[in-house]
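Welcome! Please take a moment to look over the structure below before reading on.

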Amino acid sequence: MANIGIEVSEIMAGVAMLMTPQQLDNYSKDMGGLVKFLKEGKKLADSNKFIYSEGLKEKALQAFNPTDRDFLTAAVQGISAARSIRNWVPVRSSQSGKPITKPVCDKVYLTGDKWPKAVSRFQVEAYGFQSYNSSDIIFEWKNAFYGVSLKKKPSVVDPDPTLINKAFDSVLTGETPKEIKELGKIKKEVQEARIKYFAKVVREASKKPNQYLNITGNLPTSDGELMKIRVKGEGKNWKAKKPMALIDIKGKGKLDLKNPSKQTDPNIFQVKTGDKYRELTRGEMANPKISMRAFVNKRVASTDSVYNEMVKVMNKYADKFANALLNLVLKTNLYDELDENQFAFALVTGVGNIDKEGNPKNLQTIQANGLYTVLCGLSALNEGTSKYEMILDKEANKKSDGAKVFLILKKGKITILNLQLRYKGGFTGQPQFQATLSKEFKEILTEQYGKKCKKP
């Protein structure tokens with residue numbers, strides 16, 4: 001599939017919502033139907049019923065090539081998403097006192113970086129985000145708006161797509177002065193725990209028997225000062241691309257701390273093969289004989305992991321941290337920012353694929369998780385006296401290479417979120433985190449579907 005710079009399943013869900021249920025039934029029978037869906041969809045995508053943010057329309061209209069298998073797959077997932085949305089909207093609209101029975105919406109808005117003017121008031125700049133409202137696409141029925149964060153997967157048995165992919169410290173962003181102060185304190189303690197841990201690992205790397213860093217000079221006694229050191233250098237046939245923190249050193253060799261910017265041993269930056277120097281390959285990264293990076297990954301994956309220290313801080317402030325995490329992932333505070341009788345929000349997953357002939361395959365409908373349903377699910381967990389808790393997922397972590405670590409957010413016996421934290425490129429910054437709803441919590445959401453709850 002040609003990269004058109006836009007998520008195609010969102011376009012397909014949008015045009016599907018402008019078609020009747022009978023049309024979708026007919027179009028989803030075989031490849032011929034999908035081709036007709038794309039032909040009709042392009043007309044709707046080019047009509048005044050489909051509103052785009054700046055610069056997206058031209059890209060979107062490239063998504064209707066029937067010879068592209070990825071576009072056909074996106075059409076299947078868009079039809080699946082539309083059916084899920086149509087099951088949710090009548091239930092949600094009755095809760096707002098403005099019942100909607102018409103399956104075809106009046107208008108579709110594709111958001112992007114700069115939202116269309118008609119829906120820009122719903123974008124919500126809050127909690128450190130320009131768009132706290134994470135709706136990818138918005139549907140309108142007579143001045144009632146329904147926003148959807150849309151994900152996709154090939155079949156119902158495939159793993160759920162991640163709900164979010166952000167830097168870990170983005171969780172700890174408050175809105176009120178009190179929240180900013182409280183979450184800032186947690187952020188500072190997490191950062192201090194991370195610095196202390198990685199400074200300890202650097203000191204270990206400088207000692208025998210492995211001694212990845214054969215140091216001239218002395219490491220600072222201050223962990224913070226140690227983590228600030230950057231080294232670089234160049235020689236006849238090599239040059240460090242950019243200054244490197246000690247914890248990010250890749251190879252094994254001599255390190256001159258008396259002249260940090262004038263290193264002479266290329267082996268700390270790369271690996272030597274014969275007379276040539278080159279970057280480490282993936283396999284070499286896993287070889288602790290030549291790679292400090294492999295040593296650090298192994299330490300991070302061990303029972304003495306940096307994440308152990310971070311989890312201690314998270315659980316010290318369990319309720320505050322958990323509520324901030326749930327707000328970031330599930331938008332639990334969105335109705336504090338918007339009129340919930342005018343704007344509704346849901347998490348939707350489009351499911352399906354195509355077979356080798358191009359016919360729809362695994363086209364099914366998954367329940368949309370509206371924000372009311374999510375709030376009801378969290379309220380149901382609040383009925384006891386259990387507290388939130390972050391736990392390292394030992395079974396999942398056994399299979400990890402160290403760069404990626406698995407955690408779970410629990411309340412009592414119920415797992416709410418499955419989390420992955422991953423350092424990308426280096427260990428000086430914050431890890432990225434991803435989150436999905438647990439199977440247990442999704443079962444609770446199924447029980448709560450159609451109920452109306454306030455934020456617990």
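What follows is a short tour of some strands and aromatic rings.

## About the model

This is a predicted model, where local features need pLDDT of at least 70, side-chain atom pairs count only at pLDDT 80 or more, and totals for chains, interfaces and linings use all residues. Residues are numbered from 1 along each chain as its sequence is written, and side-chain values use heavy atoms, leaving out hydrogens and water.

Let's start with β16, a strand spanning residues 404-411. Strands (E, at least two residues) and helices (H or I, at least four) are DSSP runs, numbered from the N terminus. Seven of the eight residues in β16 are buried, meaning under 20% relative accessible area with a 1.4 Å probe, protein chains only.

Two strands pair if DSSP finds at least two bridges between them. β16 pairs in the antiparallel sense with β15 (residues 388-392) over five bridges, and eight bridges join β16 to the antiparallel β17 (residues 414-422). β16 and β17 form a hairpin with two residues between them, and G412 in that turn has a positive phi of about 65 degrees.

K411 stands opposite Y388 and also opposite I414 in β17. K411 lies over the face of Y388 too, at 4.4 Å from the ring centre; for such a contact, NZ of Lys or CZ of Arg is within 6 Å of the ring centre and within 35 degrees of the ring normal.

## An aromatic cluster

Rings of Phe, Tyr and Trp (its six-membered ring) pair if their centres lie within 6.5 Å. The count comes to 16 aromatic pairs. Y197, F198, Y307, Y423 and F427 form one aromatic cluster, and both F198 and F427 are buried.

Technical notes: Buried < 20%, exposed > 50% of the residue type's maximum accessible area, 1.4 Å probe, protein only. Phe/Tyr/Trp six-rings, centres within 6.5 Å; stacked < 30°, edge-to-face > 60°.
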